[in-house]
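Dear colleague,

Please find below the structure I promised to pass on to you.

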Amino acid sequence: MSTATTTVRLPAEADTHAFGRRLGGVLAAGDLVLLAGPLGAGKTVLAKGIADGLGVSGRVSSPTFVIAREHRAAPGGRGVPLVHVDAYRLGGRLDELDDLDLDTELVDAVVVVEWGEGMAERLSDDHLLIRLEPLADETRVATVIPHGAWRDRDWESIL
Ligand SMILES: Nc1ncnc2c1ncn2[C@@H]1O[C@H](COP(=O)(O)OP(=O)(O)OP(=O)(O)O)[C@@H](O)[C@H]1O
Ligand SMILES: [Mg+2]
């Protein structure tokens, strides 16, 4: 069964983390996830959850100098590495995105790109776009938008 664009309410940070963990539980090598939303929306919190769901090594953070960081598959995890990218500082420069060789990484890893919307789609027509919108309180609303093959995939277990 396929799932269309859906919204999820995430009242607290723990909910965003848990949502990411569920997503990490269904991702496979070659999957591209783009995270959008303003500064402080919770993109890195979501990426941490995805890393937990995949069971990869190393702490996911918002590195100051590193744009892409690879987290190796770890014992007890799902056996798939994670490449976590923060494209904020690329400022839309596609040549610099291309220099990261993410298309090569994507063959064997899950690639998650913060600030990737409008840029990282070129890596794959088949991707999951998640937009995080902060409400007045701590609540975030995640809009999950499947593109390409994701439209025919069964990912409703993450909701
Ligand atoms: N419901 C929520 N979901 C996620 N984070 C929340 C929530 N409520 C509060 N927060 C807080 O919002 C902040 C989100 O920070 P995070 O670094 O994940 O944002 P970001 O979208 O990655 O920002 P940036 O664009 O700077 O990379 C954290 O301090 C977290 O504790
Ligand atoms: Mg971040």
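Predicted model: local features only at pLDDT ≥ 70, side-chain atom pairs only at ≥ 80, totals over all residues.

The C-alpha atoms fill a box of roughly 35 × 30 × 30 Å along the principal axes. Of the 159 residues, 36% count as buried. Among the contacts with a separation of 6 or more, 64% are made by residues 24 or more positions apart.

Turning to the secondary structure, the chain has 4 helices and 7 strands. In sequence order, these elements follow the pattern β-α-β-α-β-β-α-α-β-β-β.

The 7 strands form an open sheet with mixed pairing, in the order β1-β7-β6-β2-β5-β4-β3. The edges are taken by β1 (6–10) and β3 (68–71); each has a single partner strand, so one side of each is left without a neighbour in the sheet. On average, and with direction ignored, neighbouring strands are turned by 20° against each other.

Two helices may be described in relation to this sheet. Helix α1, covering residues 13–24, packs on the sheet and touches β1 and β7 (140–146). The direction of α1 makes about 135° with that of β1. Helix α2, covering residues 43–54, lies across β2, β3, β4 (82–86), β5 (110–114) and β6. Relative to β5, helix α2 runs at about 170°.

In general, strands of a sheet pair through backbone hydrogen bonds, in either a parallel or an antiparallel sense. Here, β2 (residues 32–36) and β6 (residues 128–134) run parallel and are joined by 4 bridges. Within this pairing, Leu35 stands opposite Ile130 in β6, and Val33 has Leu128 of β6 as its bridge partner. With β7, by contrast, β6 pairs in the antiparallel sense over 7 bridges. One of the residues concerned is Leu129, whose bridge partner in β7 is Ile145. The strands β6 and β7 form a hairpin, with 5 residues between them.

I next considered the surroundings of ligand 1. Which residues are closest to ligand 1? They are Thr16, Gly42, Lys43, Thr44 and Glu138, out of 18 residues that surround the ligand. The elements that give two or more residues to this shell are α1 and α2. By class, the shell holds 5 nonpolar, 7 polar and 6 charged residues.

Leaving aside neighbours within four places in sequence, Met119 is in contact with Ala87, Gly92, Leu94 and Leu97. The C-alpha atom of Met119 is separated by 9.5 Å from that of Gly91, although the two residues are 28 residues apart along the chain.

With kind regards

Terms used. Residues numbered from 1 in each chain as written. Chains lettered and ligands numbered in written order. Pairing = 2+ DSSP bridges. Axes fitted to C-alpha atoms, helices over the stretch in contact; angles between N-to-C directions. Contact = placed C-beta atoms within 7 Å. Near = placed C-beta within 6 Å. Nonpolar A, V, L, I, M, F, W, Y, C, P; charged D, E, K, R; others polar. Buried ≥ 20, exposed ≤ 12 C-beta atoms within 10 Å, placed from the backbone.
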